[in-house]
Amino acid sequence: CMANLKYHMNRGAHVEEEFSFMEDMLEYVPTAYDVQELFGIEGNIKKTYYSAWKRIFRYPVEFSHRVKNPPNNLINALISYGNSIVYSVCLNQIYQTRLYPEIGFIHEVGEGKLPLCYDLADLFKPIFTDRTIFKVINKNMISEKDCIRKNGKCFLKESAKKIYVTELEAKLQTTITLDDNRKMSYKR
């Protein structure tokens, strides 16, 4: 999340205050008493992170805070949709290893939940979901006209989903160079 803010700060977005707060919150992580306290720190960081988005977007969109079930606006619908894709990509990659998705480090087992998938997805959601949202909004590829609102809920039109998936898949296929000079896609 901080890397995303830093990237946009370097391109003129005025998110220094949020970035500084997030840096300060990180100091509490090593002394957190338990997982619940870590979740509290993460919650404060995410709330601040999302509050900075309005200064990152180049086009007017309604978004002030995260609303999950159901999403109430375009950005929340994109976040929910993108995160669900990241969860499925992470789960698919876990199944290609000898790891057991029902054993996680931070998230707990619940009915129908696979904690390791959530643990891994949390690392990748800012890279895939959030960066894709910034791109499709800032390049005006998806806008308010690409969603359907009904009874306080917001749903993406199929055309918006296709655009989003195409951009997310391109991000997953992006190749990075590792420290040992090997090249690997984000998905791998």
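**Pocket and aromatic contacts**

The largest pocket comes out at a volume of about 710 Å³. A pocket here is an open set of points on a 1 Å grid over the protein atoms alone, with protein on both sides within 12 Å along at least five of seven lines, and a lining residue has an atom within 4 Å of a point. The volume is the space filled by probe spheres set on the points, which are joined across faces, edges and corners. This is a predicted model, so local features need pLDDT of at least 70 and side-chain atom pairs count only at pLDDT 80 or more, while totals for chains, interfaces and linings use all residues. Residues are numbered from 1 along each chain as its sequence is written, and side-chain values use heavy atoms, with hydrogens and water left out.

Of the 25 residues lining the largest pocket, Lys-68, Tyr-87, His-107, Asp-122 and Lys-125 sit closest to its centre. Elements giving two or more residues to this lining are α3 (35-52), α4 and α5; helices are DSSP runs (H or I, at least four residues) and strands likewise (E, at least two), numbered from the N terminus. The largest share, seven residues, is supplied by α3.

As for the aromatic side chains, the count comes to 12 aromatic pairs. Rings of Phe, Tyr and Trp (its six-membered ring) pair if their centres lie within 6.5 Å; planes under 30 degrees apart are stacked, over 60 edge-to-face and the rest tilted. Tyr-81 and Tyr-164 make an edge-to-face pair, because their ring centres are 6.0 Å apart and their planes at 65°. Tyr-164 is buried, at 0% relative accessible area, whereas Tyr-81 is partly exposed at 22% (buried is under 20%, exposed over 50%, partly exposed in between, with a 1.4 Å probe and protein chains only).

Phe-128 and Tyr-186 are also edge-to-face, with centres 5.6 Å apart and planes at 85°. Phe-128 belongs to helix α5 (residues 115-138) and Tyr-186 to the segment after β4 (183-185), so the pair ties together parts 58 residues apart in sequence. Phe-128 is buried at 4% relative accessibility, and Tyr-186 is partly exposed at 22%. Elsewhere, Tyr-49, Tyr-50, Trp-53, Phe-57, Phe-63 and Phe-134 form one aromatic cluster.

Conventions: On a 1 Å grid over the protein atoms alone, a cavity is a set of points where a 1.4 Å probe fits but cannot get out, and a pocket is an open set with protein on both sides within 12 Å along at least five of seven lines; lining residues have an atom within 4 Å of a point.
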